Amino acid sequence: MRAFILFLNHSLSITHMHIHDNPLLIRCIALREGDQWVAVCLPYSLCAQASTLEEAKSKLHDQIHDYLCDALSGPDRRHATYLLARSAPLTYWAMYFLARVLGQFMLKNRVRMFQVCMPIAPLAH
């Protein structure tokens with residue numbers, strides 16, 4: 001089994017991201033609630049809220065980055081097994097896969113699926 005550590009680069013953006021050869025693709029969903037967008041990271045049960053979709057996605061990207069850094073190399077690394085296995089509630093996963101099946105065109109104004117890429121690199125021994 002190969003060990004992996006995040007390849008950190010603070011200049012990453014969701015729309016124009018230069019990624020390493022082995023990106024970690026993280027499934028996310030954004031839901032419109034009134035005049036706000038709520039972006040949810042499904043594998044780690046994180047969420048961010050903003051008035052625009054792009055801002056919610058950007059906030060969530062930053063949150064995922066910080067979360068993974070803390071879980072893998074920060075003070076919480078001894079709890080990494082638990083932190084990396086905590087998942088969003090089943091209802092969010094169901095919405096994600098329902099949106100995939102129905103197609104984004106039916107839910108276009110209320111639900112968006114997206115993936116966040118987190119570059120990773122093999123841990124040097």
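At 13% relative accessibility, Lys57 counts as buried, a class that covers residues under 20% relative accessible area, with exposed meaning over 50% and partly exposed in between (1.4 Å probe, protein chains only). The model is a predicted one, in which local features need pLDDT of at least 70 and side-chain atom pairs count only at pLDDT 80 or more, while totals for chains, interfaces and linings use all residues. Residues are numbered from 1 along each chain as its sequence is written, and side-chain values use heavy atoms, with hydrogens and water left out.

Lys57 forms a salt bridge with Glu54, and the closest N and O atoms of the pair are 3.7 Å apart. A salt bridge here is a side-chain nitrogen of Lys or Arg within 4 Å of a carboxyl oxygen of Asp or Glu. Glu54 is partly exposed, at 41% relative accessibility. Both residues belong to helix H1 (residues 53-73), where they are three residues apart, about one turn of the helix. An α-helix has 3.6 residues a turn, so residues three or four places apart point the same way. A search of the whole structure gives two salt bridges. Glu55 and Lys59 also form a salt bridge, with 3.9 Å between the closest N and O atoms. Glu55 and Lys59 are separated by about one helical turn because they are four residues apart in helix H1. Glu55 is partly exposed at 34% relative accessibility, and Lys59 is partly exposed with a relative accessible area of 39%.

The protein chain contains three helices and five strands. Helices (H or I, at least four residues) and strands (E, at least two) are DSSP runs, numbered from the N terminus. Along the sequence the pattern is β-β-β-β-α-α-α-β. Of the 125 residues of the chain, 36% count as buried.

Helix H3 has 13 residues (residues 90-102) and, at 1.5 Å a residue, should span 18 Å; its end C-alpha atoms are 18 Å apart, which agrees. The expected span is 1.5 Å times one less than the number of residues. Trp93, Tyr96 and Ala99 are buried in H3. Viewed down the axis of H3, the buried residues fall within an arc of 125 degrees, so they line one face of the helix; the arc is that of the directions from the helix axis to the C-beta atoms. The face turned away from the buried side of H3 carries the exposed residues Leu90, Thr91 and Val101.

A nonpolar surface patch is formed by Leu98, Val101 and Leu102, with about 280 Å² of accessible area together. Patches consist of residues with over 30% relative accessible area and no salt bridge, with like charges joined within 9 Å and nonpolar side chains (Val, Leu, Ile, Met, Phe, Trp, Tyr) within 5 Å. Accessible areas come from the Shrake-Rupley method with a 1.4 Å probe; for residues, only the protein chains shown count as cover. Leu98 lies in helix H3 and is partly exposed, with a relative accessible area of 45%.

The whole structure has zero disulfides, a disulfide being a pair of cysteine sulfur atoms within 2.5 Å. The cysteine sulfur closest to that of Cys28 is in Cys41, 4.7 Å away, too far for a bond. Cys28 is buried at 0% relative accessibility, and Cys41 is buried with a relative accessible area of 0%.

Ser45 is not a glycine, yet has a positive phi of about 55 degrees. Ser45 is in the loop between strand S3 (36-41) and strand S4 (46-50).
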